[in-house]
Amino acid sequence: MKYRIGYRTIKTAAGTAISILIAQQLGLHNFASAGILTILCIQVTKRRSLRTAWDRFLACVLAMPFSAVFFEGIAYHPPVIGVLLVFFIPTLVMLKAKDGVVTSTVIILHIYMAHNISLANFLNELGVISVGIGVALLINLYMPSVEKILRDYQRKIEENFKIIFYEMVRYLRTGESDWEGKEITESARLLDEAKMLALRDMENHFLREENIYFHYFKMREKQFEIIERVLPIVTSMTSKVKQGKMIADFLEELSENIHPGNTPHLYIDKLNGMKKEFEEMELPKTREEFETRAALLQLVNEMNDYLIIKSSFQAKKRK
């Protein structure tokens, strides 16, 4: 079994050691807790790390006056810790800082074990909090670029689309196919993974609200939904007509030009021209031919929607 250490593991290990070292060098009591804070604050994205750090900082700071009120006002006794948490945790939930429950409880227990409320104790705990969270934020400023991985997803999805279109073309021309359809399930999985990664990449940029890759994969997902609707239409055709060959030629050309920078309006124009040709052709002579041509017309309409989706994405990309 191959053993692999991820960059987040390395950052967590390094950050924990650094925060404990700094807290210890500053002469802070309970300096090891700075390492715990660092571990809890290192997240998969910069934005999530910042949100988590703020939640934990707010919770830890609030823990100190709560401890003063309950321990000095009642007693330094285990049941008082329970009563304190009954009031403290709902307060954090109300302030939308529930992620800070664990770390703030550590601060509460520090004060409980010290059996003393003083400015020096508060400053010590504030120092531990600041070192632990501060180191985590600095460590999390580095996030490896995922652009190459996103481009790989893009390439794989486009290759799968080409294969799917090729198989449709083959069936329209020959009425035969030995295709297993694995590209369908694979494309669905790749699209889900790619969208999640693109969202994560967006969260690693504080000033970027949009991610062109995320919009790209959303666009392909919508097109994929159309492909899933089109496949049963293609396989339901039992007779060969001239229009089927024309659509097969169109799909073949389209499949050879699936890439991020293609120009969908050209294919929309070709599709509209093809529809006009269909209208000028003689009417079907048999029921079977009528059903086939009706299915082909539905296929043309679906492909028009497919191209409009890409056209909308291109327009958004230019903004």
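Reader: Why is Gln-154 called buried?

Author: Gln-154 has a relative accessible area of 14%. The cut-off for buried is under 20%. Gln-154 falls under that limit, so it counts as buried. The model is a predicted one.

Reader: Where is Gln-154, and what does it touch?

Author: Gln-154 sits in helix H7. Setting aside residues up to four places away in sequence, its partners are Tyr-213, Tyr-216, Phe-217 and Pro-260.

Reader: What makes a group of residues a nonpolar core?

Author: The members must be buried residues of the listed nonpolar kinds, joined through side-chain atoms within 4.5 Å. The largest such core here has 51 residues. Within this core, Leu-299 and Tyr-306 touch the most other members.

Reader: Which elements give two or more residues to this core?

Author: They are helix H7 (147–174), helix H8 (182–202), helix H9 (212–235), helix H10 (242–255), helix H11 (264–280) and helix H12 (287–318). H9 gives the largest share, 12 residues.

Reader: What is Tyr-306 in contact with, beyond four places in sequence?

Author: Tyr-306 contacts Phe-161, Phe-165, Arg-220, Gln-223, Ile-226, Ile-227, Leu-254 and Ile-258. Another core lies apart from the largest one. That other core has 32 residues, including Phe-70, Ala-97, Ile-129 and Val-135.

Reader: Why are H8 and H9 called roughly antiparallel?

Author: H8 and H9 pack at an angle of about 160°. Angles over 145 degrees count as roughly antiparallel. The angle passes that cut-off, so H8 and H9 are roughly antiparallel to each other. Their axes are 9 Å apart. The crossing of H8 past H9 is left-handed.

Reader: Which residues of H8 and H9 meet?

Author: From H8 come Ile-184, Ser-187, Ala-188, Leu-191, Asp-192, Ala-194, Lys-195, Ala-198 and Leu-199. They meet Tyr-213, Phe-214, Phe-217, Lys-218, Arg-220, Glu-221, Phe-224, Glu-228 and Leu-231 of H9.

Reader: Why is Asn-116 called partly exposed?

Author: Its relative accessible area is 37%. Buried is under 20% and exposed is over 50%, with partly exposed in between. Asn-116 belongs to the loop between helix H5 (101–114) and helix H6 (119–139). Its contacts outside four places in sequence are Tyr-76, Ile-111 and Asn-121. Phe-71 is 45 residues away along the chain, yet its C-alpha is separated from that of Asn-116 by 8.9 Å.

Reader: What stands out in the phi of His-115, and why is this residue called partly exposed?

Author: The phi of His-115 is positive, about 50°, although His-115 is not a glycine. His-115 is in the loop between H5 and H6. Its relative accessibility is 46%. That is between 20% and 50%, so His-115 counts as partly exposed.

Reader: Which residues of H2 are buried, and what covers them?

Author: In helix H2 (residues 32–41), the buried residues are Ser-33, Ala-34, Gly-35, Leu-37, Thr-38 and Cys-41. Their cover includes helix H1 (7–25), helix H3 (46–73), H5 and H6.

Reader: What span does H10 reach, and what is expected?

Author: H10 has 14 residues and spans 20 Å from its first C-alpha to its last. That is close to the 20 Å expected at 1.5 Å a residue. The buried residues of H10 are Gln-243, Gly-244, Met-246, Ile-247, Ala-248, Phe-250, Leu-251, Leu-254 and Ser-255.

Terms used: Residues are numbered from 1 along each chain as its sequence is written. This is a predicted model: local features need pLDDT of at least 70, side-chain atom pairs count only at pLDDT 80 or more; totals for chains, interfaces and linings use all residues. Side-chain values use heavy atoms; hydrogens and water are left out. Buried means under 20% relative accessible area, exposed over 50%, partly exposed in between (1.4 Å probe, protein chains only). Helices (H or I, at least four residues) and strands (E, at least two) are DSSP runs, numbered from the N terminus. Contact means heavy atoms within 4.5 Å. The expected span of a helix is 1.5 Å times one less than its number of residues. Axes are lines fitted to C-alpha atoms, for helices over the stretch in contact, and angles run from 0 to 180 degrees between N-to-C directions. Angles under 35 degrees count as roughly parallel, over 145 as roughly antiparallel, 65 to 115 as roughly perpendicular and the rest as oblique. A crossing is left-handed if the near helix is turned anticlockwise from the far one by less than a right angle, and right-handed if clockwise.
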